[in-house]
Amino acid sequence: MTVSIGNIRSRTAFVDLTSGSVTYEDTSPEVVEKFIGGRGLNAAYLYKLLPPDTDPLSPENVLIVGTGAMSGTGAPNSSRFNVTALSPESGIFGDANSGGFFATKLRASGIDRVIMLGKADVPVILKVEDGEVTIEDGGKYWGLDVNETQNAIKGDHGPSSEAICIGPAGEKLVRFACVMSGVKNAAARGGMGAVMGSKNVKAVVAAGGRIEDGLVIDDPDGFLTLCEELKDYLQASLIVKVLGHVGTPLLYEVSNHLGAIRTRNSQDSSFEDTLDAEIIHDHVSKMISCHSCVVHCRHRNIHEGEGPEYTTIVLLGANLGIADTAEVIKLNNLANRLGLDVSSTGGILSWAMELYEKGIIDDSLTGGPVKFGDYNLAVKLIESVANREGFGDILAESSRAAEKLNDPKRDYLTAVKGLPQSDPHDVRYIKAFALGIATASRGADHLRSRPTLEVFDLPPELLRDIYGQDVSRDPTEYDTKEVVVYTHENIYSLIDAIGICKFICHGFNSPKLLKHEHFSKLLDKAFGAKYTEAELRDVALRIVDLERMFNNRQGIRRKDDTLPRRYFDEPMPHGVAKGHKIDRDQFKGMLDRYYKIRQWNDDGTVTQERIDEIDAMVDHLAGVRT
Amino acid sequence: MKQLIIKPKLCTNCHICELACSFKHSMEFDLAHSRVKTIFHAEDDLTVPEICLQCIDPSCMKGCPTGALYLDDRINCIRVNYDSCIGCLSCVVSCPFGNMLQDRSKPGHVYKCDLCDGDPVCARFCPTGALTYVEIEPLTGSVEMELEKVEAEVG
């Protein structure tokens, strides 16, 4: 080993749901060194454990719930964990990150990662307590929605227990069902809730641990002092203050002004101001936070739920043509209760609406009109998706419904690699953003890179500092945008492995938040791990390459790193972005250059030399099967 | 003299005070070992950080049969003398606020907020000002007037 990892703990429980046996291992230090934790170690385990040709909803799929190295330590915003499996929605790498209070409690209960294998005969819950996982009857919770499940679990396992669970959508194997932490935090993307449902697991409850189950901190005084310094540093940041004031909806006005709000399935690109942050805020009773958070960007709304995020108000608002503020927030609450990914829900519904309005599908398939701008219809559709009833049963298949919806080439679906796009931003204007959703390892998703700093018109020297070279300051320019995407993808893979929220990550909304030097210090003071900044950058590259290797194995090649047809063919209709679209040749050039700096082959595969190198690292995992 | 000030309206329920407290006192990141507990009251949409108020007329002290609780007047803090404590838990049942706690892994072992000996870590970590440790001015007006001042401050 070249890096001393100190006390970084990766206590992993393998739960074989078929046989009912539970085994434990401390992840081999050689592998922890290379991937640190969270998303990184989850990817390593999935790559190692998933058998070839697995059906994502079969017992052979492997569902991994893993915390980051710093999760639950009191480091700023260290509430994150990842849920990882082969995605039933996209058929490729499925990985979703969430906050809330679960990760902290899981680690305090003495376990850092739970790997679910096989399938239980009957509905069960997993209970983690005092360093052990037990499989308990979950029949009484089956059929309950997310809020009811969380309340019932608190009642049964104590108010200080924390749980992740699925709602009715996960039970019914809706391919975009999510895993919920609390009532609003979602490990949303890629249908991880359907995988959990396919294993008959309703919830994982962290109930607490003994003193000896806690994490061992290398330099307690130094660590506390560092955390306090970082808290003060972050709270001085303007973006942290603004996010804490109104949350992510603040981005709505910016994108809307730009003319880049996905509206009515991206047929349009600007919408009503009824979804502006200030107006949303009239429906908010309080801003609340995840564990150890210095930002507090989550809303508690006055319609009996939490949220909404920027993503939700657009995907279930503008994108469905629904402008009424209260109605949009109620749709958010409904999707959360049912355990649905709001991004895919909005993307799939709007797809069907456009197809219906264009006459590509009709009442014989839908059973009645499916039109934009109808709140009651949206409620009915969302419920029918979660329960897999009627037309909802077809929509529950997500992008796989293409044949049945008479749009076999998905010409009208805003998705990449079978995953509907999450970010409300129409990416035809910001070219780096377009490349980012095309290369993201889980499909069309903004939280793998979200390269938007360039719209702030930052000074060149600051850009040089962030990207390591000169990059174009013009968002509509294609040149050098591969460097922008590459840089963001790298740091986000690292922060997901460390278990800290992207909202305080360098590059997410500001160039001044936490970066490698801070991560290096945190890992040192907490665990005595000695990573240099360069070594942390290597970890990031490794995680991105490993996820690509997984996807290559699932058949992903250059042809899949592309964009929805509309982004190439139709110019944007409004605002500053009017007239912009993605040029196919320029996009190809950008992708060529991206592969080059990633050192991947021209066909989008990882080189054999790199595969051999990473295979050798992952081989150190003991694992329970190969 | 400094005093721990609680402003529930500013609390966002992030639990960092509990985590920091637990770590500072038991080297463990578990809310179950914290001297401060954030309690969410759904009906009022309010999260209250509950922590020893260092009462002027402390019920816990009155309930103690051995005099094991004493006032540390350097920092105005009620503390436990473990040499005298017999583990009868009278103080736990005496405190009307539930701020005297017992260790579930060590029967009869009670603990409470010790103000971190004059530098409470909960206040240092609180990101919103819901918990602060500050010099306080003596009350000048009526209780109602003082409350109005606080209301005006936290909204």
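**Domain and chain interfaces in a predicted model**

Biologist: What is the area buried between domain 1 of chain B and domain 2 of chain B?
Modeller: In this predicted model, carbon and sulfur atoms give 46% of the area buried between domain 1 of chain B and domain 2 of chain B. The total to which that percentage refers, for these two domains of chain B, is about 950 Å².

Biologist: Which residues in domain 1 of chain B lose the most area to domain 2 of chain B?
Modeller: The assignment divides chain B into domain 1, made of 1-51 + 116-155, and domain 2, which covers 54-112. The contact between them takes 12 residues from domain 1 of chain B and 12 residues from domain 2 of chain B. On the side of domain 1 of chain B, 51% of what is buried belongs together to B:M1, B:R35 and B:D117.

Biologist: B:D117 forms a salt bridge with which residue?
Modeller: The count between domain 1 of chain B and domain 2 of chain B is two salt bridges. For the one that B:D117 forms, the closest N and O atoms are 2.8 Å apart, and the criterion asks for a nitrogen of Lys or Arg within 4 Å of a carboxyl oxygen. The partner of B:D117 in this salt bridge is B:R74.

Biologist: How many charged residues has the side of domain 1 of chain B that touches domain 2 of chain B?
Modeller: Across the interface of domain 1 of chain B and domain 2 of chain B, the rule finds three residue pairs in polar contact, both residues being at pLDDT 80 or more. By class, the side of domain 1 of chain B that touches domain 2 of chain B has four nonpolar and three polar residues, and its charged residues number five.

Biologist: Which residue takes a positive phi in the hairpin of strand 4 of chain B and strand 5 of chain B?
Modeller: Strand 4 (residues 69-72) and strand 5 (residues 77-80) of chain B pair in the antiparallel sense over four bridges, and B:D72 has B:C77 in strand 5 of chain B as its bridge partner. The hairpin has four residues between the strands, and the one whose phi is positive, near 55 degrees, is B:N76.

Biologist: Which three residues supply 24% of the area that chain B buries against chain A?
Modeller: Between chain B and chain A the buried area is about 2,500 Å², with 55% of it given by carbon and sulfur atoms. The three residues that supply 24% of the area on the side of chain B, more than any other three residues, are B:F29, B:D45 and B:F125.

Biologist: Which helix of chain B gives the largest share of the side of chain B that touches chain A?
Modeller: Across the interface of chain B and chain A there are 10 residue pairs in polar contact, both at pLDDT 80 or more. At least two residues of the side of chain B that touches chain A come from each of helix 1 (16-26), strand 3 (46-50) and helix 4 (121-125) of chain B. The largest share, five residues, comes from helix 1 of chain B.

Biologist: The side chain of A:K105 meets which residue in a salt bridge?
Modeller: The rule finds three salt bridges across the interface of chain B and chain A. In the one that involves A:K105, the N to O distance is 3.2 Å, which lies within the 4 Å of the criterion. The residue that A:K105 meets there is B:D30.

Biologist: What area do domain 1 of chain A and domain 3 of chain A bury between them?
Modeller: Domain 1 of chain A spans 11-213 and domain 3 spans 419-618, and their centres, taken over C-alpha atoms, are separated by 27 Å. In the contact, 40 residues of domain 1 of chain A meet 42 residues of domain 3 of chain A. Of the area that domain 1 and domain 3 of chain A bury between them, 64% is on carbon and sulfur atoms, and the area itself is about 3,500 Å².

Biologist: From which helix of chain A comes the largest share of the side of domain 1 of chain A that touches domain 3 of chain A?
Modeller: Between domain 1 of chain A and domain 3 of chain A, 19 residue pairs are in polar contact, both at pLDDT 80 or more. Helix 1 (29-35), helix 2 (38-49), strand 4 (81-86) and strand 5 (93-98) of chain A each supply at least two residues of the side of domain 1 that touches domain 3. The largest share, eight residues, is that of helix 2 of chain A.

Conventions: Residues are numbered from 1 along each chain as its sequence is written. Chains are lettered from A and ligands numbered from 1 in the order in which they are written. This is a predicted model: local features need pLDDT of at least 70, side-chain atom pairs count only at pLDDT 80 or more; totals for chains, interfaces and linings use all residues. Side-chain values use heavy atoms; hydrogens and water are left out. Domain bounds come from an automatic or database domain assignment. Contact means heavy atoms within 4.5 Å. Buried area is the accessible area (1.4 Å probe) that two parts lose on being put together, summed over both. A polar contact is a pair of N or O atoms within 3.5 Å; within protein, one must be able to donate a hydrogen and the other to accept it, and residues adjacent in sequence count only if both atoms are side-chain atoms. Ala, Val, Leu, Ile, Met, Phe, Trp, Tyr, Cys and Pro count as nonpolar, Asp, Glu, Lys and Arg as charged, and the others, Gly among them, as polar. Two strands pair if DSSP finds at least two bridges between them.
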